[in-house]
Amino acid sequence: VALAHPARLIDNALGPLWPLILIIAGVVLVLLIVVPTASAVVLGSISITSSVRNALAYQRVETLARLGRDIVTLAQALEDERDQIVVYISMGASAGGRDAYLEGHKSDAALQLSVIDKEFGATNRSAAQVRSLARQIGPSYSAQARQSASVALTALSGLASLRTVATTTKLPALVVVQEYTHVIDDVLALNDQIAQAANDPALSQTVQVLGLVSAMQEVASEQRAILAAALWQKFFGPGQLAALQAAQSAQQSDQASFDIAASVQQQQLWNTSINKSFVYQANSEELQAISLQDNQQSLATDPISPADWYG
């Protein structure tokens, strides 16, 4: 009888267990649905998080690349501004320099001041771009990058007062060079942090090399300003010759670092630019002025005019 009715036999045997069996079946069914769904959600979350992180990283790299470019432009604008002010200081009253302004003959100084005002405009435009990007260096960047950005922004905030003191007081030309150099160095220091913060080897190397070129340009600009002042004065004033020679040494050191860090293509580009410039003539004129100062304690017989040297 039992063999004739197997379903009834199974039902009679498992009767007390059916509720438990149904519960287990339900749990299994839920797990079959929930586990894959949960896995998909987790994996999806990981993928989305990774994509967001990649997007943020790309955005940081882009910001750093743009900032590096704008810093170089700003540094050159600050150098041109500084050097024009140093010329203005050193020209003397008769040539329409700062002394004419300080002696009350403001119209005589108007031409040179208009040149300086144009430099102010160029610097202001570049500074606005750097400020905008530097303010984006927030919590997602390294502490060093944030600190460098803060230092650069502080240096730029003092630019207006430096301009006023340099053009309307008797602040010595060499001090003006040094004060502007502090501002420029603080701005260029941000480039060093860009090279370190960029998680992109190509960008990091390019920024590093560009920073060395900018450093060479900065100390070359210092030499331009110092020697232009000395040629106007017909002699090197206190500390000027030592500052000139220190800038020469710094340029040589930066050149050596560039030769190590630059790629073959970058070195070729550099050499092509140098060979098409007046660098060698400028170096010769600089050595000539130093020799005259050493031998005669004067630049009165130097055949190079301040305007020729500056050009």
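In this predicted model, Ser148 is found in helix H5, which covers residues 143-157. Of its 311 residues, 39% count as buried. Among the contacts in the protein chain with a separation of 6 or more, 76% are between residues 24 or more positions apart.

- Leaving out residues up to four places away in sequence, Ser148 touches Ala189, Leu190 and Gln193.

- Tyr180 belongs to helix H7, residues 173-197.
- The relative accessibility of Tyr180 is 0%, so this residue counts as buried.
- Apart from neighbours within four places in sequence, Tyr180 is in contact with Leu78, Glu81, Arg82, Ile85, Phe120, Leu159, Leu162 and Arg163.

**Val165 in helix H6**

- Val165 is part of helix H6, which covers residues 159-168.
- With a relative accessible area of 35%, Val165 is partly exposed.
- Val165 and Val176 are 11 residues apart along the chain, and their C-alpha atoms are separated by 8.9 Å.

**Helix H8 and what follows**

- Helix H8 has 33 residues, 201-233.
- From its first C-alpha to its last, H8 reaches 48 Å, close to the 48 Å expected at 1.5 Å a residue.
- Leu210 is one of the residues found in H8; its relative accessibility of 33% makes it partly exposed.
- Leu210 touches Gly68 and Val72, not counting residues up to four places away in sequence.
- Val72 is 138 residues from Leu210 along the chain, yet the C-alpha atoms of the two are separated by 8.0 Å.
- The charged end of Arg224 sits over the ring of Tyr310, 4.5 Å from its centre.
- H8 is followed by Lys234, which is placed in the loop between H8 and H9.

- Most residues other than glycine have a negative phi.
- Lys234 is not a glycine, but its phi is positive, near 75°.
- At 44% relative accessibility, Lys234 counts as partly exposed.
- Gln297 is not a glycine either, and has a positive phi of about 55°.
- Gln297 is found in the loop between helix H11 (279-296) and helix H12 (306-310).
- Gln297 counts as exposed because its relative accessibility is 54%, the cut-off for that class being over 50%.

- The axes of H9 and H10 come within 8 Å and cross at roughly 140°.
- H9 and H10 are therefore oblique to each other, since an angle has to be over 145 degrees to count as roughly antiparallel.
- Where they meet, H9 contributes Gln255, Phe258, Asp259 and Ala261, and H10 contributes Gln266, Gln267 and Trp270.
- The count of aromatic pairs comes to one.
- In this pair, the ring centres of Phe258 and Trp270 are 5.2 Å apart and the planes are at 45°, so the pair is tilted; stacked would require planes under 30 degrees apart, and edge-to-face over 60.
- Phe258 lies in H9 (residues 240-261) and Trp270 in H10 (residues 264-275), so the pair ties together parts that are 12 residues apart in sequence.
- Phe258 and Trp270 are both buried.

Notes. Residues are numbered from 1 along each chain as its sequence is written. This is a predicted model: local features need pLDDT of at least 70, side-chain atom pairs count only at pLDDT 80 or more; totals for chains, interfaces and linings use all residues. Side-chain values use heavy atoms; hydrogens and water are left out. Helices (H or I, at least four residues) and strands (E, at least two) are DSSP runs, numbered from the N terminus. The expected span of a helix is 1.5 Å times one less than its number of residues. Rings of Phe, Tyr and Trp (its six-membered ring) pair if their centres lie within 6.5 Å; planes under 30 degrees apart count as stacked, over 60 as edge-to-face and the rest as tilted. Buried means under 20% relative accessible area, exposed over 50%, partly exposed in between (1.4 Å probe, protein chains only). A charge sits over a ring if NZ of Lys or CZ of Arg is within 6 Å of the ring centre and within 35 degrees of the ring normal. Contact means heavy atoms within 4.5 Å. Axes are lines fitted to C-alpha atoms, for helices over the stretch in contact, and angles run from 0 to 180 degrees between N-to-C directions. Angles under 35 degrees count as roughly parallel, over 145 as roughly antiparallel, 65 to 115 as roughly perpendicular and the rest as oblique.
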